[in-house]
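Q: I would like to learn how to read domains, chain contacts and a ligand site from a set of coordinates. Please take them in turn.

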Amino acid sequence: MVLDDLGSSLRGTLDDLRGKSRVSEEDVKNIVREIQRSLLQADVAVDLVTDLSDAIERRALEEEAPSGTSARDHVLRIVYEEMVDLIGDSTEIPLEPQTIMLAGLQGSGKTTTAAKMAWWFSKKGLRPAVIQTDTFRPGAYDQAAQMCERAEVAFYGDPDEDDPVQIARDGLAATEDAEVHIVDTAGRHALEDDLIDEIEEIERAVSPDRSLLVMDAAIGQGAREQSREFDDAVGVGGVVVTKLDGTAKGGGALTAVDQTDSSIAFLGTGETVQDVERFEPSGFVSRLLGMGDLQQLAERVERAMAETDEAEDDWDPEDLLEGQFTLRDMRKQMQAMDRMGPLDQVMDMIPGLGGGMMDQLPDDAMDVTQERLRSFEVVMDSMTDGELENPRVVGKERTVRIARGAGVDESVVRELLEQHRMMERTLKQFQGMGDGDLQRMMRKMGDQGGGMGGAGPFG
Amino acid sequence: MFDGLKDKLDSFREDAEAAAEEAADEESASDGSDERERPDRPEPVDDQTEAEADPDTDEDGSTVGRLTRAKAYATGRIVIEEEDLETPLWDLEMALVESDVEMGVAETILDRVREELVGETRKQVDTTAGLVREALREALVEVISVGQFDFDEAVVEAESPVTIVFTGVNGVGKTTTIAKLGRYFEERGLSVVIANGDTYRAGANEQIREHADALGLKLISHEQGGDPAAVVYDAVEYAEANDVDVVLGDTAGRLHTSDDLMEQLSKIDRVVDPDMTLFVDEAVAGQDAVRRAEEFDDAAAVDGAVLTKADADSQGGAAISVAQVTGKPILFLGTGQGYDDLRRFDPEALVADLLDE
Ligand SMILES: Nc1nc2c(ncn2[C@@H]2O[C@H](COP(=O)(O)OP(=O)(O)OP(=O)(O)O)[C@@H](O)[C@H]2O)c(=O)[nH]1
Ligand SMILES: Nc1nc2c(ncn2[C@@H]2O[C@H](COP(=O)(O)OP(=O)(O)O)[C@@H](O)[C@H]2O)c(=O)[nH]1
Ligand SMILES: [Mg+2]
Ligand SMILES: [Mg+2]
């Protein structure tokens, strides 16, 4: 079970401020220390962490909290503003004809990103083509060709040509009728001078409207040096952060943005061509700090739900936080789980509900394995609507009936009910938490038509 | 790799030494403390709780009793106190984190150093340098050289075929490492068959086929979408039937957050029951290295690790993190994309190098 334990001490420190209306110097020092820890554990460059925490400390001490604002919210807003300020908005990607070149370290996700971006552009109504100039890595041509087939986009590559610059030129000519050209390149790193020269040549040959640096979310402190080299060589106009479906926080991207004076364009969240999202600062900052993000949750749930057959039900994850958590909700949750990840991770994306809360739960409170899920499904198929809505009515007799109907042991039915009770109890805790911060945040987001906009969850 | 850390360890040694010397001078001059400024690092915030909880703490907050100190001083010795080391230790922690050592692992190292140094008495005429160096060495050796074994010998001595399965997250260099090790074994007179257990990734078959052809190695592969455990199993059977010495089983890269894929990895482990499972990660990885090493170790117990892309100007801390959490040795470093770009990892040499010996 993957818990977001990173931000929990930060959350704890912030929660200590809950009742207070003024922050002492000591409070600020403690918070700043926890922020430093969170950011360092998120792989943000050490010097950048120092700059950020200095600014936060100064502002938290100097600025008066607006009346009616708790000390906690005041500090959180400063943290949030400083971070969003540094990371900036998503790179502008105009929906018009253009050429984009991808660059980055070996294995960072360039080829996958090329196909994903092509898919993204095609969904926006533009005709994209991917040009594979990687002549070095075995299978690179086939990989890109297959990915583009999956994305249903045009592809150019030449397995018999070994000059990437030539392929780039030929590719642009061959895909002339495409509106967006995405040029994939072989992986290389800062110290490979000949390869850096090579990408400079490719860059000159295709003169891209922008070059994007593709970066693994797990990259460490080397992010600074790598992005400096790539920026010097081809001019980095934006960053793509990949493999965010893992546990790495992606702090290297913050460093890269700082180093190249650019911004983040796309996020990669999986291996298929659809697993791409436009960057959205509030969610990313929330992740860096380990504080959860509702918007990302909503999007993921939406997508997952759209793919589930249950589209007729307008199930909303926010219902989880409202009144009752029925077996129906649990089943929806289970069905969405494949695509969204386990409930604990989903919960973690809700502001204020992240790891801090989760840490206090028994380890298996949210842990429902695939196998158990399947047997639970079978059990639920044998339950009546009334029982699904209000599982409390299921007593001994009904348990026997349901178990017989489902062809499972009675213990499975009891397990299901127990699991449901546990999840319900957990959600109740969330509902009861805090001083209405959560409700306020949700209302605020509601006001903005569901989007967090520039203000973010703490604005 | 590790150049940055080396420089920083040097400066830690100097700082710790200076701090201890300063403390000694203070003791004789009975002077107030003087905080040295370190402008471009996060500041240390003293850990109140720790000091309070310490039974040895006397009223002026000192960890070692004043009496002990005085006594030591009277007999021409000084005692190193925790607070003398606070700033240098914090700087050391930052240096480790800056070198991509995971924070928890860095703290383990700090604890060791602190344990070794604090309360240590020494003759005033000695230099602190020796002490600091020893403490650092102990701490580093303990984490870096866990569980080293003679890899070549282990392979030669095991009953053939020796099956080695490679695991790790996406894009770290598993397939390339298999190709390199294929050559490595053949050069040592062992025959090799490669199994393409990556039946998922686009172009995976073509990639490994090209390596196998270039190296003249036998390759067992199935259709894309096939059962990875079955491919590796087939290769083992092939090796048994044809007296092949070593089976190198590739797996698709996966992230540890996918329960299904991690379960699939466990299944491969159960079905194939390899002689060795090598976890592959890249030297450029940061704090997450620990997390994934743990999760992969849980899914299919790891016997050793390979750290790739050591040529990419990486800080190298991932080596320390991975070794520490798995308790298993780093066996090889990948140092480039060529087949010969593979080096044995030598922890003793590394520690010596780090400490300038
Ligand atoms: N889980 C996950 N895997 C990804 C993501 N992006 C890429 N990958 C995987 O990471 C591995 C490397 O991706 P590639 O697209 O081949 O990377 P590359 O930068 O083109 O690699 P080279 O051309 O070898 O330098 C593959 O196994 C991809 O499937 C992502 O967002 N999430
Ligand atoms: N510079 C460098 N690149 C490497 C090294 N090992 C692998 N690579 C490259 O990293 C990329 C991903 O490698 P691959 O073997 O496909 O990774 P896998 O997905 O784990 O099998 C490829 O472009 C390799 O050429 C290394 O030690 N140094
Ligand atoms: Mg590629
Ligand atoms: Mg591979």
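A: Domain bounds come from an automatic or database domain assignment, and for chain A this gives domain 1 (4–87), domain 2 (98–287) and domain 3 (311–448). The model is predicted: local features need pLDDT of at least 70 and side-chain atom pairs count only at pLDDT 80 or more, while totals for chains, interfaces and linings use all residues. Residues are numbered from 1 along each chain as its sequence is written, chains are lettered from A and ligands numbered from 1 in the order in which they are written, and side-chain values use heavy atoms, with hydrogens and water left out.

Q: How far apart are the C-alpha centres of domain 1 and domain 2 of chain A, and how many residues does the contact take from each?

A: Contact means heavy atoms within 4.5 Å. The C-alpha centres of these two domains of chain A are 34 Å apart. Domain 1 of chain A puts 15 residues into the contact and domain 2 of chain A puts in 20 residues.

Q: What area is buried between domain 1 and domain 2 of chain A?

A: Buried area is the accessible area (1.4 Å probe) that two parts lose on being put together, summed over both. Here the value is about 1500 Å², with 65% of it from carbon and sulfur atoms. On the side of domain 1 of chain A, the residues losing the most area to domain 2 of chain A are A:Asp43, A:Tyr80 and A:Ile87, together 44% of what that side buries.

Q: What does the contact between chain A and chain B look like in residues and in buried area?

A: Chain A gives 47 residues to the contact and chain B gives 47 residues. The two chains bury about 4200 Å² between them, and carbon and sulfur atoms give 51% of that. In chain A, the most area is lost to chain B by A:Arg33, A:Pro138 and A:Glu271, together 14% of what that side buries.

Q: Why is the site of ligand 2 described as shared between chains?

A: A residue is near a molecule if one of its heavy atoms lies within 4 Å of it. Ligand 2 is surrounded by residues from chains A and B, so the site is shared between chains. Of the 20 residues around ligand 2, those that come nearest are B:Lys174, B:Thr175, B:Thr176, B:Arg201 and B:Gln337.

Q: Which polar side-chain atom lies 2.6 Å from an oxygen atom of ligand 2?

A: A polar contact here is a pair of N or O atoms within 3.5 Å. The atom in question belongs to B:Lys174. From chain A, an N or O atom in the side chain of A:Arg137 is 3.1 Å from an oxygen atom of ligand 2.

Notes
Polar contact = N/O pair within 3.5 Å; in protein donor to acceptor, adjacent residues only side chain to side chain.
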